[in-house]
Amino acid sequence: MRINWQTENMSAPPRRGELAAAAVGGRRVLFLLEGTTGHKIGVNVAAWYIRLFGRVPDTVRILVFDTDVREEVVFVDDPAKSGRRVPIKLQRDVQFIQLGPDLNIERLAVEVERNPALHSDARSLLRLQPDGRRAGSLERGAGGEPLQGAIAGRWSAGRVGTAIRGTLGQLLRLELASDEALGQGVTVFVGGSLAGGCGAPNLL
């Protein structure tokens, strides 16, 4: 399996022609996106493909990882030509994976002091910012605090790994249009913001 890692600056997102060529040419493409910014990118990428092809091609997969469970929505003209505008959003637990579900950092901080061996990673992170915010829930985001996003990322490392491996497996099992396309492996676009609470500690 060959994965082509392409880094893109936020000021220079993937070119439209490149995305279209990837879909039309049968190339397998995976978008790995972090945080609220990544969620916005993912929804807009899905909407762009739907505007162009009427759907997101089977060879294109979008995975967003974020603590914030609030939906991002983009409206597009109905591909069925009904004249209506239809909402586009990512499918929960398939395209959108929540980081840190049921994670209570406030309670975790107490447990860490009681049993440091059990939560050694969290203990090391919490000590980096001893006076930092300790949220009871991250379902409305990490509050722009990378420490909380980092803990959520560690907490959900198993879910993240399972989602990425499963999605790559689905892409690699696809029967593509030609031998040439099969030889191109999977092109991976990684995106998000390095200024937020979730993308900053987890993106790389």
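This is a short tour of a predicted model, one selection at a time.

Residues are numbered from 1 along each chain as its sequence is written, and side-chain values use heavy atoms, with hydrogens and water left out. Local features need pLDDT of at least 70 and side-chain atom pairs count only at pLDDT 80 or more, while totals for chains, interfaces and linings use all residues.

**Whole chain.** Select the protein chain and colour it by secondary structure. The chain has 8 helices and 7 strands; these are DSSP runs numbered from the N terminus, helices being H or I with at least four residues and strands E with at least two. Of the 204 residues, 47% are buried. Buried means under 20% relative accessible area, exposed over 50%, and partly exposed in between, with a 1.4 Å probe and protein chains only.

**Helix H2.** Select residues 35–53, which are helix H2. The 19 residues of H2 should span 27 Å at 1.5 Å a residue, and the end C-alpha atoms are 27 Å apart, which agrees. The expected span is 1.5 Å times one less than the number of residues. Buried residues of H2 include Gly35, His39, Trp48 and Ile50. Just after H2, select Gly54, where phi is positive at about 85°.

**Aromatic pairs.** The whole structure holds 3 aromatic pairs. Rings of Phe, Tyr and Trp (its six-membered ring) pair if their centres lie within 6.5 Å; planes under 30 degrees apart count as stacked, over 60 as edge-to-face and the rest as tilted.

Select Phe31 and Phe189. Their ring centres are 5.2 Å apart and their planes meet at 20°, so this pair is stacked. Phe31 is in strand E2 (residues 28–34) and Phe189 in strand E7 (residues 186–191), so the pair ties together parts 158 residues apart in sequence. Phe31 is buried at 3% relative accessibility, and Phe189 is buried with a relative accessible area of 3%.

Next, select Tyr49 and Phe53, a stacked pair with 6.1 Å from centre to centre and 20° between the planes. Both lie in helix H2, 4 residues apart, about one turn of the helix. An α-helix has 3.6 residues a turn, so residues three or four places apart point the same way. Tyr49 counts as buried at 0% relative accessibility, whereas Phe53 counts as partly exposed at 34%.
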